[in-house]
Amino acid sequence: MTDLLDSMLDLMRRLPPTNVEENVAALVSICPDYADDLLGSVDQPLRLMVDKATGREYLACDYNRDGESYRSPWSNEYDPPIDDGTTPSAKLRKLEIAGERSVRHVSYFEGGVSSVYLWDLDDGGFAGVVVLKKVLSPNSSEAPAGSWDSIHVFEASERGRNAHYKLTSTIMLHLVTQSRVEHSDPETEGKAGAGAITLSGSMTRQIEQDHPLADASSHITNTGRMVEDQELKMRNLLQDVYFGKTRDVVHDLRSLDSLARARRQRELQKELVGLMRK
């Protein structure tokens, strides 16, 4: 069992991340007995669903899934309905509602859809997940498009007046940009070249911290601060490292200037060097 699951996960790491949902569905159809293990091991883009009872949007992921049904954080009901779906205890459900309200009022995320799910652990603690999704829809054929999916899974254990938190954050990014370049070369004058750059992938980071615990509501403050800080750090890392490296590689491989302009620049450099030697 382990060897086959490892082979499936190894295959997923080598397949294009833009088709992760289709690839997972294909593997599940081939090996249905490993569906739960595979779905629990592979991060997929978050699905947007609507609560039929309240009409509010929420996000579907592996952490609010029970079989083929997903639990809504608004009504605490599963869609499609099931009789024995797992739900949090009354105390944890109250904390879950407070966490959902808290995340929706964080100005940093600037819109999008968010959901919070909590569940009890056997050792007396609890765990939860904060999921966020933002979609950039293009308003023209040349406008960029993409999506940002964040999955922040945490475990909380109380230790007297303090609480220990273990946070695992995963960000999945999909970005498509279009460029249109007008050529000034006499041979291609009047023609335009269009190019598309697709950037997709995921990043996972993990941290552990201790925070003071005044009451149960302190869990919301503590985990909220950790999630926001981790989201900012990972965003900056993506911008400075991954985007920066991609930009450098693209600029080295592809020049946006015409060949005629490049020739004129080389001739001007040679002329200046010749004048300096005289």
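In the predicted model, arginine 65 is classed as buried, because its relative accessibility is 18% and the limit for burial is under 20%. Its salt-bridge partner is aspartate 62, and the closest N and O atoms of this pair lie 2.7 Å apart. Aspartate 62 itself is partly exposed, with a relative accessible area of 29%.

Eight salt bridges are present in the structure. Two of these interactions involve glutamate 96, whose side chain meets that of arginine 71 at 2.8 Å, N to O. Glutamate 96 belongs to helix H4 (residues 90-104), whereas arginine 71 belongs to strand S4 (residues 69-71), so the pair ties together parts that are 25 residues apart in sequence. Both glutamate 96 and arginine 71 are buried. Glutamate 96 also forms a salt bridge with arginine 93, at 2.5 Å from N to O. Within helix H4, glutamate 96 and arginine 93 are three residues apart and are therefore separated by about one helical turn. Arginine 93, like glutamate 96, is buried. Elsewhere, a network of salt bridges links Asp10, Arg13 and Arg14.

On the surface, a patch of positive charge is formed by Arg263, Arg264, Arg266 and Lys270. One of these residues, arginine 266, is located in helix H6 (residues 259-277). Arginine 266 counts as partly exposed because its relative accessibility is 46%.

Methods. Residues are numbered from 1 along each chain as its sequence is written. This is a predicted model: local features need pLDDT of at least 70, side-chain atom pairs count only at pLDDT 80 or more; totals for chains, interfaces and linings use all residues. Side-chain values use heavy atoms; hydrogens and water are left out. Patches are made of residues with over 30% relative accessible area and no salt bridge: like charges are joined within 9 Å, nonpolar side chains (Val, Leu, Ile, Met, Phe, Trp, Tyr) within 5 Å. Accessible areas come from the Shrake-Rupley method with a 1.4 Å probe; for residues, only the protein chains shown count as cover. A salt bridge is a side-chain nitrogen of Lys or Arg within 4 Å of a carboxyl oxygen of Asp or Glu. Lys and Arg count as positive and Asp and Glu as negative; His and the chain ends are not counted. The place of a charge is taken as NZ of Lys, CZ of Arg, CG of Asp or CD of Glu. Helices (H or I, at least four residues) and strands (E, at least two) are DSSP runs, numbered from the N terminus. Buried means under 20% relative accessible area, exposed over 50%, partly exposed in between (1.4 Å probe, protein chains only).
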